[in-house]
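Keep the sequence and the 3D view at hand as we go.

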Number of protein chains: 2
Amino acid sequence: MVKKVLKFGGTSVGSIERIQHVANIIKKEHELGNKIIAVVSAMSGQTNELIKLSKSISKNFNKREFDVLLSSGEQVACALLAGALINLNLNAKSWLNWQIPILTDGEHSNARIINVNVGKINEFIKDGVAIVPGFQGISENGDITTIGRGGSDATAVAFAKIFQADSCEIYTDVDGVYSSDPNKIPVAKKIDKISYDEMLELSSVGAKVMQSSAVQTAMMYNIPLEVKSTFTDRKGTKIFDQESIDYTKSVTGVAYSKDDAKITLTGVEDKPGVAAKIFEPLYREQINVDMVIQNISSDNKTTDITFTIKRDEVIKTKDILENNKNIVYKDLSYTDKVSKVSIVGAGMVSTPGITFKMFKGLADEKINILAISTSEIKLSVIINEENTLNAVKKLHTIFDLD
Amino acid sequence: MVKKVLKFGGTSVGSIERIQHVANIIKKEHELGNKIIAVVSAMSGQTNELIKLSKSISKNFNKREFDVLLSSGEQVACALLAGALINLNLNAKSWLNWQIPILTDGEHSNARIINVNVGKINEFIKDGVAIVPGFQGISENGDITTIGRGGSDATAVAFAKIFQADSCEIYTDVDGVYSSDPNKIPVAKKIDKISYDEMLELSSVGAKVMQSSAVQTAMMYNIPLEVKSTFTDRKGTKIFDQESIDYTKSVTGVAYSKDDAKITLTGVEDKPGVAAKIFEPLYREQINVDMVIQNISSDNKTTDITFTIKRDEVIKTKDILENNKNIVYKDLSYTDKVSKVSIVGAGMVSTPGITFKMFKGLADEKINILAISTSEIKLSVIINEENTLNAVKKLHTIFDLD
């Protein structure tokens, strides 16, 4: 007998028809003899609707009450799904955050699941299906909390870990992880197996199939994941640790991010602590710095630092850099229409010539590289935004992903 | 220092603007030094929307899950109102059914509040405002329940009783109890003070300002009520026990109900148990029988029984009466376009000639009386529906209510 955590996202339960469809998926799994815990998001649109209501009261809506408000969305979806399952003659039951309970710590809207009481649910799933709300829990003093990073995906992974489930399946509106964005690159292919690291690199650069922090948790506890479509019967993408994957290709996928901007500071004093001085005020203002590149200084006295941020934060960032007296540099320049294109693959390290092949491919397309950054399993370049799709297509082809 | 339970219905919290308006009402009450517990309904339309969702899954939606579903509506309204109050710099907090807890017994969708834990809320309202959800609680085994009869009004009265509040104010979309329906009888006047009994008689015949069962509970525990408008500053209607009211008028109001039908069975055997035989099968089919009139039999062997029901249940009722072999009678006749017009007043018993005055008034208008029924504080007649408004106007005038 296999114990499974199945997670259904907002679009998967976005209408009554879809909820009934999900009920049928669960019924099939249950009939196979599996023990099922289903983690459910709020119906798509619902959470945004609730956020809108709170914002029309105050942009600074109280965080405790915000969590009380938002958690109602998953409650509705849980009740409807449980009702639909009972209607199919299954023994199903919704379990709310406080009924389980799901214990969290950390602050409101950004809590973290620290424990889940397994007793009652383990007893119930011997023959019943437990429906639990994603994205929430209660704090030690009995307040409702919502969990920040990872949302319902994080709930699913936490349940898989704490209930020692045999698998954790993430049902969503795409049928897996692709070698690139299938909407833009029609030759993109679904990946059957991928490592946690590759998945993280792909999702952090735009392929948003699963919440990154949930993948990180799964990686930490080695919980096998599967991302699959609610709406087709096709096989999804399995996500394991690297060792379990037999690589035939050096590059797994090509990802890109849009709406980026690049800022370069030249003539920055080259001594310890300078980078910290630059990035501390940006961090305090919650500006999300992505790529940072610093070259070896040519004169041993000054250096140049380039970094990327989201485009809509350029003005704010410029203001901070220009007005903070602790930050000394000669010149500030920026390009606000750049994109980041990355090739990702756990097999890259062991394959020589990948870097050259990428640069050559871009040169053939006459695409200028503005900055380069590499990691163990990823190689990213910053290019002018207008070249994005050309670059992605070219790289997709030369690395045999079409 | 006065402890108050304030109840706000669905229309009172039906939009963000209205929630902010309610927050200002509560703020004023709080600034007067009152200790406030606010009982809140779901935003108007919300509960119906949730019922619709459940019905599209199944007409026989599981009752436990139905209560989980419905209770989310009040949760949303509580969080929004608490957030709005905090935004006005008040110390406010929403308390959900399980956080208090509100304990209920009885079945799902028809539970009854049996206890409320007062400790934490009494402590909190020393300087804060507690916002609690109407219409719900939890059962002994920790399931969410919704309370059937009385809804949020019943929650307000239960809280007023259990917290030993000094008053219980029902904020609604009308500004009190009227001597008749102000939409149809323009000369109808707002009543300043009314007894529980009169209120019950008036509301049971169409003046739906408060849930009757909540008024009954208030009467049982002698909890003073006040019905007032959320949208105007005008004084509302105070509801006390009869002894506290000094009657200057014998008749307090004129009420009427529409969509009634009258069924008469003639030649019914006149012996003990016959009425029970007739009404038991109707009760089992959930047909709501209103007025029942039985005359003294003329021949000591048979009698006639007349009763009223809602018009849309005539066919069903006729079927039952004609096909149940236990029910024996000579003839069945019915009129399906009748209405019930009632004069209500706790001072009626002590004022001679009320009955005569009513019948004379109707006769002057050439209105035929089809049946008559009286109680201590009410005198009702069944007439043809077309005469309803004429009758109400006439009675309103002759009993000095204009």
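Which residue of β9(A) stands opposite A:Phe8? The residue opposite A:Phe8 is A:Tyr171 in β9(A). Before going further, a word on what you are looking at: this is a predicted model, in which local features need pLDDT of at least 70, side-chain atom pairs count only at pLDDT 80 or more, and totals for chains, interfaces and linings use all residues. Residues are numbered from 1 along each chain as its sequence is written, while chains are lettered from A and ligands numbered from 1 in the order in which they are written.

Let us stay with those strands of chain A. Strand β1 (residues 3-8) and strand β9 (residues 167-172) of chain A run parallel and are joined by 5 bridges. Here helices (H or I, at least four residues) and strands (E, at least two) are DSSP runs, numbered from the N terminus, and two strands pair if DSSP finds at least two bridges between them. The pair belongs to an open sheet of 8 strands in chain A, with the order β3-β6-β2-β1-β9-β11-β12-β10 and mixed pairing. At its edges are β3 (92-94) and β10 (193-195) of chain A, each pairing on one side only. On average, and with direction ignored, neighbouring strands of this sheet are turned by 20° against each other. Such angles are taken between axes, which are lines fitted to C-alpha atoms, for helices over the stretch in contact; they run from 0 to 180 degrees between N-to-C directions.

Now turn to chain B. Its open sheet of 8 strands is ordered β3-β6-β2-β1-β9-β11-β12-β10, again with mixed pairing. In chain B, β3 (92-94) and β10 (193-195) stand at the edges with a single partner strand each, so one side of each has no neighbour in the sheet. From one strand to the next, the twist averages 20°. Within this sheet, β9(B) and β11(B) run parallel and share 5 bridges, and B:Thr172 has B:Ser229 in β11(B) as its bridge partner. On to the next pair: β11 (residues 225-229) and β12 (residues 237-240) of chain B are antiparallel, with 3 bridges, and B:Glu226 is placed opposite B:Lys238 in β12(B).

Which strands does helix α5 (residues 151-162) of chain B lie across? They are β1 (3-8), β2 (35-40), β6 (129-133) and β9 (167-172) of chain B, and the helix runs at about 175° to β1(B).

What about the interior? In the largest nonpolar core, which has 228 residues, A:Leu81 and B:Leu81 touch the most other members. Such a core is a set of buried Ala, Val, Leu, Ile, Met, Phe, Trp, Tyr and Cys residues joined through C-beta atoms within 7 Å. A residue is buried if 20 or more other C-beta atoms lie within 10 Å of its own, exposed if 12 or fewer, and partly exposed in between, with C-beta atoms placed from the backbone. Leaving aside residues up to four places away in sequence, B:Leu81 touches B:Val13, B:Ile19, B:Val22, B:Ala23, B:Ala38, B:Val40 and B:Ile131. A second, separate core of 5 residues includes B:Leu265, B:Val268, B:Ile278 and B:Ile327.

How do the two chains meet? In all, 28 residues of chain B are in contact with 29 residues of chain A, where contact means that the C-beta atoms of two residues, placed from the backbone, lie within 7 Å. On the side of chain B that touches chain A, α1 (16-31), α2 (46-57) and α3 (63-87) each supply at least two residues. The most comes from α3(B), with 14 residues.

Finally, here are two residues of chain B to find in your viewer. B:Asn141 sits in the loop between β7 (136-138) and β8 (144-146) of chain B. Is B:Asn141 buried or exposed? B:Asn141 is exposed, because 5 other C-beta atoms lie within 10 Å. B:Asp319, in helix α9 (residues 314-323) of chain B, is also exposed, with 11 other C-beta atoms within 10 Å.
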